[in-house]
Amino acid sequence: MTVSDYHIPVMLSESIDALGLNEESIVVDLTFGGGGHSNEIVKRLGFNGMLYAFDQDLDAKNQLIDHQNLTFSLSNFRHFGRWLEYYERLKVDAVFADLGVSSWQIDVEQRGFAFRFNEGMLDMRMNPSAGFTASDVVMRYSQSDLVSVFSEYGEVRNSKALASAIVDVRGKWNNEVSIPLFNALLDKKYIGDRNRYFSQVYQALRIEVNDEMGALKDMLIQVEKYLKPGGVFAVLTYHSLEDKLVKNVMRSGNIDGKDDKDDFGNSLNPYKRKGPKYLEPTEEEVAINNRARSAKLRVVERR
Ligand SMILES: C[S@@+](CC[C@H](N)C(=O)[O-])C[C@H]1O[C@@H](n2cnc3c(N)ncnc32)[C@H](O)[C@@H]1O
C-alpha cells in the first residue's frame, strides 16, 4: 500500500516549510497516520537528526518505514512528554500534529467510523485495543450525558430529542448497537440536511469515544516544556472545537487563552506567532483532496 492509499497528507509543503528543519533537527510528529508528513521530515534529517513519531493506532504503526532517523511509539500523544523523557530527549526543535482521523480509519468498514457503509458495529476507536466503543456510549450513557455529547461535540440541534429517542429504543438493542440500527434511528430523527446531520452525530461520538478534547489539552500544555527557544510548534486542525484550544494555547500558553502577565505587565506567553494567524489549503489542494477543505495550519515559535 502506498502512503496516499492510506491517507493523502494535508498541506504537506506548507507544514514542512513551517517546521524550519535542518539536518540536525530533533522533531516530534504526534500523529504519524500513514507517515505522509513523517516521511518528508526524515528525508530532511542527517545522521544527527531524529524524528520521534507517535500514533495510538496499530494500523498506523504497520505503515512504518524502517529508517535510522525514526523512532516510533505506539501511544496516545497525551503521553508524549513521558516518552521523550524515556528517550532522554528533553528538548526538541519542532513539534507537529495533524489532528483527527486518517482516511484509512474512516474508509475501512471494520473500524466503524463511517455511516455511509451502513454495516458493522458502531466502534470508532482510534486505538482498537481501548475497551470503550461508540456503541458503549450510545448504550450506557445517561440521557443527559448523551445530550451533552451531541450538543457540545457535534452541535446537533435536536440533541435532546435524539438522546430521548436513543434511551427509549436501546433496551431492544441487546447490549450493542450496529451502524444500520443506529442509522435507522437517525433516519427518523434527523433535521435539515441528512449528510450534515449524520456527520455531526458521528463526529460527536468519535470525539467522546477517543476523549479527543482531553488528549488534546493534555498534549497542548506539555509542548512548551519540551521545545527549545526558537523551536517551532505547528498544528493542523479540522474543526472549531480543536482549533479553539490550539489557538488559545498558541496565543497565551494556556487552554483558556488568558493572556497572563508578570508584575511589570509583560506577557507570559511562551510563544510568538510565526507568519500569518493561520494558513489554509489552496483551492487546487482541496480540489484533489476534499478532506483538506476545513484544514487550518497554525504555527508558533517558542520564545
Ligand atoms: C490526520 S491523521 C495523520 C495523517 C498523517 N499526518 C499523514 O499525512 O499520513 C491523524 C492520526 O493521528 C492519530 N491520532 C489522533 N489522535 C491521537 C492521539 N490522541 N494520540 C495518538 N494518535 C492520535 C490517528 O490515529 C491518526 O492516525
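**Salt bridges and helix packing**

At 37% relative accessibility, Arg44 counts as partly exposed. Please bear in mind throughout that this is a predicted model. The side chain of Arg44 meets that of Glu40 in a salt bridge, with 3.1 Å from N to O. Glu40, in turn, is buried, at 18% relative accessibility. Lys43 joins Glu40 and Arg44 in a network of salt bridges.

A search of the whole structure returns 19 salt bridges. Another of them pairs Arg116 with Asp107, at 2.7 Å from N to O; Asp107 is partly exposed, its relative accessible area being 36%.

I turn next to Glu224 and Arg302, whose closest N and O atoms are 4.0 Å apart in a salt bridge. This pair links distant parts of the chain, since Glu224 belongs to helix 12 and Arg302 to strand 7, 78 residues apart. Glu224 is partly exposed at 27%, whereas Arg302 is buried at 18%.

Let us now consider helix 10, which spans residues 179–189. Which of its residues are buried? They are Ile179, Phe182, Asn183, Leu185 and Leu186. These residues lie on the same side of helix 10, because they cover an arc of only 160 degrees around the axis. They pack against helix 7, helix 9 and helix 11. At the N-terminal end, Ser178 caps helix 10, with a side-chain oxygen 3.3 Å from the backbone nitrogen of Leu181.

Finally, Arg206 lies in helix 11 and is buried, with a relative accessible area of 13%. Beyond its neighbours within four places in sequence, Arg206 has contacts that include Phe113, Met124, Glu212 and His239.

Technical notes: Residues are numbered from 1 along each chain as its sequence is written. This is a predicted model: local features need pLDDT of at least 70, side-chain atom pairs count only at pLDDT 80 or more; totals for chains, interfaces and linings use all residues. Side-chain values use heavy atoms; hydrogens and water are left out. Helices (H or I, at least four residues) and strands (E, at least two) are DSSP runs, numbered from the N terminus. Buried means under 20% relative accessible area, exposed over 50%, partly exposed in between (1.4 Å probe, protein chains only). Contact means heavy atoms within 4.5 Å. The arc is that of the directions from the helix axis to the C-beta atoms. A polar contact is a pair of N or O atoms within 3.5 Å; within protein, one must be able to donate a hydrogen and the other to accept it, and residues adjacent in sequence count only if both atoms are side-chain atoms.
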